[in-house]
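Please look at the structure first, then work through the points by topic.

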2 protein chains.
Amino acid sequence: MRSSRTGGTLRSCRPPDDDRGQVPFPCCVEPFPGVRRGPCGPRSSHRLAERLRSQRLRPAAASLLTDPSGSPSSRAILWGGDRARSAHDSRAVPAARPRGGRLDRRLLVEGRRLPGPVAGLPGDVRAGLPAQPPEQPEPFSTVLADLERVVLPGVTHWQHPGFFGYFPANTSGPSVLGDLVSAGLGVQGMSWVTSPAATELEQHVMDWFADLLGLPASFRSTAAGGGVVQDSSSGANLVALLAALHRTSTGATVRHGVEPDRATVYVSAETHSSMEKAARIAGLGSESVRMVEVDGDLAMRPAALAARLERDVARGYTPVLVCATVGTTSTTAIDPLAELGPICQKYGVWLHVDAAYAGVSGIVPELRELQAGVEWADSYTTDAHKWLLTGFDASLFWVADRAALTGALSILPEYLRNAATDAGAVVDLRDWQIPLGRRFRALKLWFVLRWYGAEGLRAHIRSHVAMAQQLAAWAEADERFDVVAPTRSPSSACARAGPERWTPTSRP
Amino acid sequence: MRSSRTGGTLRSCRPPDDDRGQVPFPCCVEPFPGVRRGPCGPRSSHRLAERLRSQRLRPAAASLLTDPSGSPSSRAILWGGDRARSAHDSRAVPAARPRGGRLDRRLLVEGRRLPGPVAGLPGDVRAGLPAQPPEQPEPFSTVLADLERVVLPGVTHWQHPGFFGYFPANTSGPSVLGDLVSAGLGVQGMSWVTSPAATELEQHVMDWFADLLGLPASFRSTAAGGGVVQDSSSGANLVALLAALHRTSTGATVRHGVEPDRATVYVSAETHSSMEKAARIAGLGSESVRMVEVDGDLAMRPAALAARLERDVARGYTPVLVCATVGTTSTTAIDPLAELGPICQKYGVWLHVDAAYAGVSGIVPELRELQAGVEWADSYTTDAHKWLLTGFDASLFWVADRAALTGALSILPEYLRNAATDAGAVVDLRDWQIPLGRRFRALKLWFVLRWYGAEGLRAHIRSHVAMAQQLAAWAEADERFDVVAPTRSPSSACARAGPERWTPTSRP
């Protein structure tokens, strides 16, 4: 096992002394010698991909798509776009596994064809495991051998430097060690009293990140708000909606439930699906979700939002929440917070900012303009586990008025009562999330921040932006590519290659 | 660091070869030399506690309560009961931190007084951290030094062999290593395609556990149901409710939302609060929750449930879900599944079994009678992270009809589509849970099961049951104690010491 993901860009940010030897780079499994590589392996990648790889460059939100058929016609650098399929979809899948034979392994395994190992068909991993559970204890060497034999060939290697699927999800050595210490301590951070350091370190680190990202003063634990680590941005979007429902109903939802026929939630077609899923989970149903039009940059149109709000209010609906996105999933488009904010305030609707991917760019001062207007937000989420060298799960979530959040989520049975809580002297983070239990996730954030320092994290973000800009410049200069789906987020490049422009001679 | 938690009971179950040396026991931090011990430390514990400690016995659900005032009057072995406060509540907390001074450290720190280090007041951990985030990278030795200096003194040592707060939450070496491998691989298991092994190992391990616990055939992935690892039993209870709402409404909730004025949910006063929290999150509100009466064993009364259902149906309500508990949080009482099941079937209401704590006892055949009638369950959850040597989070959740669950939770935006999903050839576990992203949690379950073997896990459960029975026998034989709150779960002992029976001479 070796890793080179962060080696290229962050070397200069590491401490100069010998201590750095104590922190391993993130585990990254190279293709196993015994695993057959399909024709879609690195050798068949086009020149741009080779160039990227040879320079160990990695744009933050670009994917290299190679059609599983091996035909050169559909090779493209592609990420999102209007009708574009995501990079991990081949559109070439058989309806079922054929009887008595094995399909070409390429057909069903996407998202890890470049350049990770090519793994098997659905059921291959299970086929390598015994039908019955083990009765007797086994030596650990046997378990590790099976890990290599059965599990790893079926793993998509997200930490591989050549993995370009989805958003980046790069962990780091200090993050892995933070999770290791957390697993070893095995404490519960559900209440302050169940492990005071788990709560207090989390509060402190979240205040630090609010500073580093240039977020509003209201988000600090020392003001009326506060930050908390959620399990995912899906979870963050859900608790934002619950807090908004609580505020809009002045607390009535806790006892009486929601009013699905009246409550409305506003998104755009580019908003992440987790917001609609949240509306379903919260009992509103998908019909409560209004799809606001987007402009040519795929950003939510403020005038369209205002018109919808005005019409809905006139019809007797109760607007609850507007979800604005900083870095949409399809094209990393950015909704204009500064224009959406005053509209939300006018209608008294909760503004939630889902900055899951691009929010962490705020650590670089010159990129903060992307989130101009964030001071209008009632809640905000960004994922350290996407673009900030921290392992999943580490969704940073802030709220400007913590009372709305805890009003929606707190419940205090006898067995959770304790003197510190009763005295109101502490914050119990179980009241800030869906589950009761919580791991000590602040440790990995603290380790990452200490190890790289804010300067190191800024260098990391800047290096990815530079890569994306270089990629975009190459695509622009290469007649085989069109730049598609304009993006404001500086770390992504969306380009498309027309099939007609590819000839066999253009293959490497 | 050392640990002795599992050393006493499981030594004989470990493989005899040298391989076991590769697996560390769970980290367990002893009190730091520099940390002051208050008078509530080990020396002031009463004889029974001493006896337990000296023999390294640890009843699974017993807590040792020592009043923070230091008075002998309220020392007790106590766990739940009717009006009893939980062991981590002292009822003796000041309203605020006094100006200019420090309160006695004993006053605010509960749940870890025996025998862990005595930590500080609210704010002590934060006070040890700099106000500003670190700008420059730091050597890892500095981070580890701060971990010892600032964080660990504020940690409640759940893995300490003398920690008796809450339910047991004992992790193990193989579990920690499983989490380490998971953190190192850093893969996303949200869809099959994003890391096939993450989905398939989880399905396989869940099928194994369904076998091992004697759960119904319908819960197997090879039948109409299936298992999935949830982040917590709170999450499991919530998705069970969402699936029940989906089935009851024949899918209408997804589009139209819930009907809080009609839908009803049935619990007892002993049901975990996460079920009421789930009803709030799902938009039903707490008024939808019906509290069914319990009997003298604190178990839900079937006749009372039937009467409530009949009355509610007659009034036009729509019963959605009954939550039965195997091992309640207060006293580990057990609701009679075999009697509740037919009633639920008669009224077409979803039976969810919250066996978070005691469910794993089913791995021991002679204890399965506690869950007799589990074949009536539509869904079931038990926590491997409580009593099965696995670190949080590892809530095992099964459903008999997976279509109801995925019907409630699946959502398929363009960027999550892929050929394998489109072909219907795979299971995407993101559709079985609230968040989109998911860690590779099956690894730690697999490691634990392989390392201990089913036989080792059975020995572990049996040893805890034996301890609890011995504790109960001691309490029974000791005139200073009354056995309170009858429990059917064999691993807990609830006893109370009357203040009048304690004299200074009874102190050790």
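A polar contact is a pair of N or O atoms within 3.5 Å; within protein, one atom must be able to donate a hydrogen and the other to accept it, and residues adjacent in sequence count only if both atoms are side-chain atoms. By that rule, domain 2 of chain A and domain 3 of chain A share 5 residue pairs in polar contact, both residues at pLDDT 80 or more. The model is predicted. The points below start with the two chains, then turn to the domains of chain A and to some local features.

**How the chains meet**

- Chain B puts 149 residues in contact with 149 residues of chain A.
- Arg126(B), Tyr415(B) and Arg450(B) supply 7% of the area that chain B buries against chain A.
- The size of an interface is often given as the accessible area lost when the parts come together.

**Polar and charged links between the chains**

- Chain B and chain A are joined by 10 salt bridges.
- One salt bridge pairs Arg450(A) with Asp146(B). Their closest N and O atoms are 2.7 Å apart.
- Side chains of opposite charge can pair when their charged atoms come close.
- Between chain B and chain A, 66 residue pairs are in polar contact, with both residues at pLDDT 80 or more.
- Helix 15 of chain B, residues 442-477, gives the most to the side of chain B that touches chain A. Its contribution is 11 residues.
- By class, that side of chain B has 77 nonpolar, 40 polar and 32 charged residues.

**Symmetry**

- A rotation of 180° superposes chain B on chain A, with 0.0 Å of shift along the axis and an RMSD of 0.0 Å.
- That is the relation of a two-fold axis.
- Of the interface residues of chain B, 99% are also interface residues in chain A, so the copies meet through the same surface.

**Domains of chain A**

- Chain A is divided into domain 1 (10-113), domain 2 (181-446) and domain 3 (454-501).
- The C-alpha centres of domain 2 of chain A and domain 3 of chain A lie 29 Å apart.
- Their contact takes 20 residues from domain 2 of chain A and 17 residues from domain 3 of chain A.
- Domain 2 of chain A and domain 3 of chain A bury about 1,700 Å² between them. Carbon and sulfur atoms account for 67% of this area.
- How many salt bridges are there between domain 2 of chain A and domain 3 of chain A? The count is 1.
- Glu366(A) and Arg462(A) meet through their side chains in a salt bridge, at 2.8 Å from N to O.
- The side of domain 2 of chain A that touches domain 3 of chain A has 13 nonpolar, 4 polar and 3 charged residues.

**Salt bridges overall**

- Over all chains, the structure holds 50 salt bridges.
- Another salt bridge links Arg280(A) to Glu276(A), with the closest N and O atoms 3.7 Å apart.
- Arg280(A) and Glu276(A) are 4 residues apart in helix 9 of chain A (residues 273-281), so about one helical turn separates them.

**Backbone points to check**

- Most residues other than glycine have a negative phi, and most peptide bonds are trans.
- Phe392(A) and Asp393(A) are joined by a cis peptide bond, with omega about 10°.
- Asp393(A) sits in the loop between helix 12 (384-387) and strand 9 (395-399) of chain A.
- In chain B, the peptide bond from Phe392(B) to Asp393(B) is cis, with omega near 10°.
- Asp393(B) is in the loop between helix 12 (384-387) and strand 9 (395-399) of chain B.
- Thr250(A) is a residue other than glycine with a positive phi, near 45°.
- The loop that holds Thr250(A) runs between helix 7 (233-248) and helix 8 (252-256) of chain A.

Methods
Residues are numbered from 1 along each chain as its sequence is written. Chains are lettered from A and ligands numbered from 1 in the order in which they are written. This is a predicted model: local features need pLDDT of at least 70, side-chain atom pairs count only at pLDDT 80 or more; totals for chains, interfaces and linings use all residues. Side-chain values use heavy atoms; hydrogens and water are left out. Contact means heavy atoms within 4.5 Å. Buried area is the accessible area (1.4 Å probe) that two parts lose on being put together, summed over both. A salt bridge is a side-chain nitrogen of Lys or Arg within 4 Å of a carboxyl oxygen of Asp or Glu. Helices (H or I, at least four residues) and strands (E, at least two) are DSSP runs, numbered from the N terminus. Ala, Val, Leu, Ile, Met, Phe, Trp, Tyr, Cys and Pro count as nonpolar, Asp, Glu, Lys and Arg as charged, and the others, Gly among them, as polar. Copies are superposed by least squares on the C-alpha atoms of residues with pLDDT of at least 70 in both. Domain bounds come from an automatic or database domain assignment.
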